[in-house]
Amino acid sequence: MILYDEPTTGIDPIGVRRLLRLINRLRDDFQVTSIVVTHILQDAKQIADSLAVLRAGHIVFDGTFEELMASPDPYIQEFIAQQEGL
């Protein structure tokens, strides 16, 4: 298991793509479970099988990216609205 804490923060777009491909390759080639902490939904969309959203120390969502996007939760919808390119 590998834990990544905001792995793409401060990295240029080319580096981000390479890093996300590496995370996916580790998952696929070595069956490594990864926990990725990120606030960037576009990154999560590219690497996550499932997502969890924390708010005030509690999980307020657990599911797929598509389920997250369809969530009626006002907090989640506000968070999505703040993301560019989704």
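Trainee: In which sense do strand 3 and strand 4 pair, parallel or antiparallel?

Mentor: Happy to start there, keeping in mind that this is a predicted model. Strand 3 covers residues 51-55 and strand 4 covers residues 58-63. Five bridges join the two strands, and their sense is antiparallel.

Trainee: Which residue in strand 4 is the bridge partner of Ala 52?

Mentor: Strand 3 runs over residues 51-55, and its pairing partner is strand 4, residues 58-63. The strand 4 residue bridged to Ala 52 is Asp 62.

Trainee: Which residue in the turn of the hairpin has a positive phi?

Mentor: Strand 3 and strand 4 make up this hairpin, and two residues sit between them. With phi at about 55°, the turn residue you want is Ala 56.

Trainee: Is Gln 31 buried or exposed?

Mentor: Look in the loop that links helix 1 to strand 2, where Gln 31 is placed. Its phi is positive, near 55°, although Gln 31 is not a glycine. The cut-off for exposed is over 50% relative accessible area. Gln 31 has 64%, so this residue is exposed.

Trainee: What is the phi of Glu 6 near?

Mentor: Glu 6 belongs to the loop between strand 1 (2-5) and helix 1 (13-30). With a relative accessible area of 23%, Glu 6 is partly exposed. Its phi is positive in a residue other than glycine, with a value near 50°.

Note on methods:
Residues are numbered from 1 along each chain as its sequence is written. This is a predicted model: local features need pLDDT of at least 70, side-chain atom pairs count only at pLDDT 80 or more; totals for chains, interfaces and linings use all residues. Side-chain values use heavy atoms; hydrogens and water are left out. Helices (H or I, at least four residues) and strands (E, at least two) are DSSP runs, numbered from the N terminus. Buried means under 20% relative accessible area, exposed over 50%, partly exposed in between (1.4 Å probe, protein chains only). Two strands pair if DSSP finds at least two bridges between them.
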